[in-house]
Amino acid sequence: MSTSPQPAARSHGLLIRVLIALVLGYLQACAISWPGNGAALWWLQIAATAGLFTLLQHSKSARAAGLLGFLFALAWLCGTVWWLYISLHRFGGLASPLAALSVLALCALLSIYYGLAGLIYKHLSNKYAVKPATAAIFFIVFWLMAELARNSWFTGFPWGASGYAQIDGPLAAFAPYVGVYGVGALASLLACSLAVFLYAAWHRRQEQTTCIASLGRAPALAYLACLLALVGAPYLLPPSGAGVSPSRAPVTVQLLQGNIAQGEKFEVSSGVPDALFWYRLAL
């Protein structure tokens, strides 16, 4: 005779998954810009995405996966655009609660894209009863679509894209060829590959099977080939611009950035007028 889990136990389990999703999202934000020194930690971003995929993969319903994807993105985006609170409150004069609520509302709106990505990926995975390796492909595709939608839909707000965390990592070699969103997709592929192989290793111990048997032969070989390609390609790809013959002599340019303090930007007698005067002198 089997008994269903008690409502209190289910609520406790959901609360734990919610907290894990929020922590993983914050780690994603820290990977893009580590607090204190602003360093990008490429390995931490991959680990956070691997944790998210594992969390969603073990969700029982598409609705739960959508909620967890939404909360992951909410923590991630709040951790990257928190500075808007300073702009709104300290320099814009907006009351502190309203400024915090405005930032939260913006991040929640943008997180809907990722919630939908998690929901659709899990719905398709459940509907077709696919193995984790195939489910990972669904995740990568719909997560990339969410990133692209956030970048451009309704004019877009691309701040803190996941690919920015890879600026100092091995995947940065792909940036001239696939751009920041392609790099983000490759990072998701590495993260899901890590999660899938750990899943297969766990099942190997539990069921005394091989990793290939747990994954399926074709997906396992495909993932292994992708891993080898992603790890080895940065050492094989030519540097950006290598082999290009210039058609004329090099041109020297200078970039000007005023870097006006927010407290001075809108002062009538300083800020923008001073910056424009400085630009004219520099030009």
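1. Buried means under 20% relative accessible area, exposed over 50%, and partly exposed in between (1.4 Å probe, protein chains only). Tyr279, at 25% relative accessibility, therefore counts as partly exposed. Trp278 is also partly exposed, with a relative accessible area of 41%.

2. This is a predicted model, in which local features need pLDDT of at least 70 and side-chain atom pairs count only at pLDDT 80 or more, while totals for chains, interfaces and linings use all residues. Residues are numbered from 1 along each chain as its sequence is written, and side-chain values use heavy atoms, with hydrogens and water left out.

3. Rings of Phe, Tyr and Trp (its six-membered ring) pair if their centres lie within 6.5 Å; planes under 30 degrees apart count as stacked, over 60 as edge-to-face and the rest as tilted. The structure holds 12 aromatic pairs. In one of them, Phe53 and Tyr121 are tilted, at 6.1 Å centre to centre and 40° between the planes. Both Phe53 and Tyr121 are buried. The ring centres of Trp278 and Tyr279 are 5.5 Å apart with planes at 55°, so this pair is tilted.

4. Ring pairs join Phe53, Phe72, Trp76, Tyr114, Tyr121, Phe139 and Trp143 into a cluster. Arg150 lies over the face of Trp76, 5.5 Å from the ring centre; the rule asks for NZ of Lys or CZ of Arg within 6 Å of the ring centre and within 35 degrees of the ring normal.

5. A disulfide is a pair of cysteine sulfur atoms within 2.5 Å, and the count is 0. Cys107 is in no disulfide; its nearest cysteine sulfur, that of Cys78, is 3.7 Å away. Cys107 counts as buried at 1% relative accessibility, and Cys30 counts as buried at 4%.
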